[in-house]
Amino acid sequence: MLDVSKIRSQFPILSRKVNGQNLVYFDNGATTQKPQIVIDAESKYYANQNSNVHRGVHFLSGLATDKFEESRSTIQNFIGAKHKHEIIFTKGTTDSINLVASGFKTFLNKGDEIIISEQEHHSNIVPWQICCEQSGSNLKVIPILDNGEMDMDFFYNLLSENTKLVAVSHISNALGTINNVEKIIEKSHSVGAKVLIDGAQAASHISLNMQKLDADFYCFSAHKMFGPTGVGILYGKEDILNALPPYQSGGEMIKEVSFSGTTYADLPHKFEAGTPNISGVVAFKSAIDFISNLEVNKIAKYEEELLQYATSELLKIEGIRIYGTSKKKSAIISFNLEGLHPYDIGMIVDKMGIAIRTGHHCAQPIMERFNIPGTVRISLAVYNTKEEIDLCINAIKKAKIMLS
Amino acid sequence: MHTINEIQKEIIEDFAMFEDWIQKYEYLIDLGRELAPIDQKYKISENLIKGCQSRVWLHAEYAEGKIIYTADSDAIMTKGIVAILINVLSGQNPSEIATAKLDFINEIGLKEQLSPTRANGLVSMIKQMKLYAIAFSKQQ
């Protein structure tokens with residue numbers, strides 16, 4: 001059992017007031033709050049360790065480099081990657097996907113196909129549209145069913161020898177669906193296609209093992225897992241990362257530079273041009289330590305309990321419709337109240353200190369699929385409680401009365 | 001007909017009577033409900049002011065030296081704020097609209113509604129109302 005009040009006490013922001021009320025933070029799908037150890041790690045880095053990495057011979061440069069690389073090892077262990085150099089630091093999930101899309105287009109020919117799903121966040125749609133446009137390949141889309149799951153039969157029919165890449169989310173940010181990525185990877189590999197998983201919503205909620213999962217690429221962001229903003233991870237299998245051309249160029253990513261030609265550095269540095277977000281990367285390790293101490297499986301179990309409670313309480317509100325009702329769901333609940341605009345609900349509950357997201361959640365195709373302008377979204381994290389869910393439900397009921 | 005500044009003053013006085021946000025929001029909701037409907041033929045995508053979350057349709061007509069605005073929104077709170085803007089600007093002459101300083105927005109505590117993070121299209125709405133005014137003032 002997790003000691004949630006002890007967990008909460010580690011997040012200073014959770015004790016602040018918003019509009020005179022205790023903050024109820026239910027927008028974890030957008031970003032999570034940060035525990036004191038992450039905040040401390042970032043300031044400790046600047047107070048005590050700051051220097052540029054992989055460059056100087058002096059003491060601090062060595063220290064900063066050690067801390068930076070320690071973080072890489074921690075992440076390697078956390079996601080069960082085979083090699084440390086398969087962990088590339090980026091700015092975030094979006095940056096990771098762009099890195100792959102930018103390089104992957106050089107592997108593609110006219111008539112080749114990339115498959116994504118209707119469920120994707122814009123950041124796992126637009127890079128592939130551009131990739132296809134520039135390479136003359138075609139983008140295919142797996143539709144979603146009414147319950148928010150991907151239409152797997154449709155997917156199997158889409159797969160062919162023309163399929164070169166399948167890029168799908170592990171968990172839908174708008175609906176909470178946990179996708180059967182194991183099956184998607186297996187089937188994609190059977191036609192020789194590579195697979196990229198957008199794990200932004202999954203990385204602190206589902207236990208990961210890259211060697212078991214066998215994804216070719218896996219992307220996630222530190223800030224959605226209690227870490228700093230501006231740090232992301234691209235995991236890629238060694239041989240594919242070696243084959244992939246560099247994304248950005250400059251310092252750090254080179255081996256030798258001359259005007260007759262430049263040779264690139266080995267992994268992971270080939271993809272880490274310029275001075276990285278060192279303090280963020282260093283503090284990310286503390287976030288991973290925080291998660292590991294709690295254990296991902298225990299977090300998942302507690303979040304499941306919160307999800308069940310919130311769902312059953314929400315369903316008691318007359319006129320509610322929940323979007324995304326698949327059996328395997330993460331603690332994300334998207335809903336609308338009949339006749340009410342999500343924006344109005346969000347505005348009113350905000351005044352009661354409740355932070356929830358309203359809108360299309362950067363996943364407009366899903367909203368189009370359900371023919372709605374947007375939804376109200378509650379996304380829960382390990383520091384949330386049933387009491388907070390009660391406060392949120394009461395606020396929603398109050399909004400409903402005001403708006404009806 | 002009151003001037004833009006006179007109407008703004010009245011609105012500020014109205015809002016000063018509210019004791020808390022609930023009363024303020026309920027008033028906005030009422031204003032939204034009471035907003036004169038836009039002619040359906042103007043509820044087209046060309047008249048749509050795109051905000052991130054709620055949609056606003058705005059139509060402007062110029063007659064006898066005055067601009068008449070009509071509008072609608074799919075969110076009732078947005079519609080309430082739209083109603084206030086129409087109350088202030090509709091029926092005024094183009095040059096006054098174009099140069100109007102809308103101080104009341106800060107005074108009644110709606111500034112947060114207009115910040116870009118709210119992304120409700122109201123900044124664009126004011127801009128569009130003024131653009132109509134500038135265009136019509138050239139016809140004067």
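Reader: Which residues are exposed on the other side of α14(A), and what makes a residue exposed?
Author: Glu387(A) and Ile401(A) are the exposed ones there. The word applies if 12 or fewer other C-beta atoms, placed from the backbone, lie within 10 Å of the residue's own; 20 or more makes it buried, and in between it is partly exposed. Bear in mind that this is a predicted model: local features need pLDDT of at least 70, side-chain atom pairs count only at pLDDT 80 or more, and totals for chains, interfaces and linings use all residues. Residues are numbered from 1 along each chain as its sequence is written, while chains are lettered from A and ligands numbered from 1 in the order in which they are written.

Reader: What are the buried residues of α14(A), and how do you know that they sit on the same side?
Author: They are Glu388(A), Ile389(A), Cys392(A), Ala395(A), Ile396(A), Ala399(A), Lys400(A) and Leu403(A). Take the directions from the helix axis to the C-beta atoms: they cover an arc of only 145°, which puts these residues on the same side of α14(A).

Reader: What makes β4 and β6 of chain A edge strands?
Author: Two strands pair if DSSP finds at least two bridges between them. The order in this open sheet of seven strands is β4-β10-β9-β8-β7-β5-β6, with mixed pairing. β4 (87–90) and β6 (138–142) of chain A each have a single partner strand, so one side of each lacks a neighbour in the sheet.

Reader: How do you know that β4(A) pairs with β10(A)?
Author: Four bridges join β4(A) to β10(A) (residues 232–236), and the two run antiparallel; the cut-off is at least two bridges, so they pair. Ile88(A) stands opposite Leu234(A) in β10(A).

Reader: Which strands does helix α3 of chain A lie across, and at what angle to β4(A) does it run?
Author: α3(A) (residues 59–79) lies across β4, β9 (217–221) and β10 of chain A, at about 120° to β4(A). Angles run from 0 to 180 degrees between N-to-C directions, and axes are lines fitted to C-alpha atoms, for helices over the stretch in contact.

Reader: How many residues of chain B are in contact with chain A?
Author: 13 residues of chain B touch 12 residues of chain A, where contact means C-beta atoms, placed from the backbone, within 7 Å. The largest share on the chain B side, four residues, comes from α2(B).

Reader: Why is Phe226(A) called buried, and what about Asp214(A)?
Author: Phe226(A) has 29 C-beta neighbours inside 10 Å, so Phe226(A) counts as buried. Asp214(A) has 15 other C-beta atoms within 10 Å, so Asp214(A) is partly exposed. Phi of Phe226(A) is near 70°, and phi of Asp214(A) is near 70° too. Most residues other than glycine have a negative phi. Phe226(A) is in the loop between β9 and β10 of chain A, Asp214(A) in the loop between α8 (210–213) and β9 of chain A.

Key
Contact = placed C-beta atoms within 7 Å.
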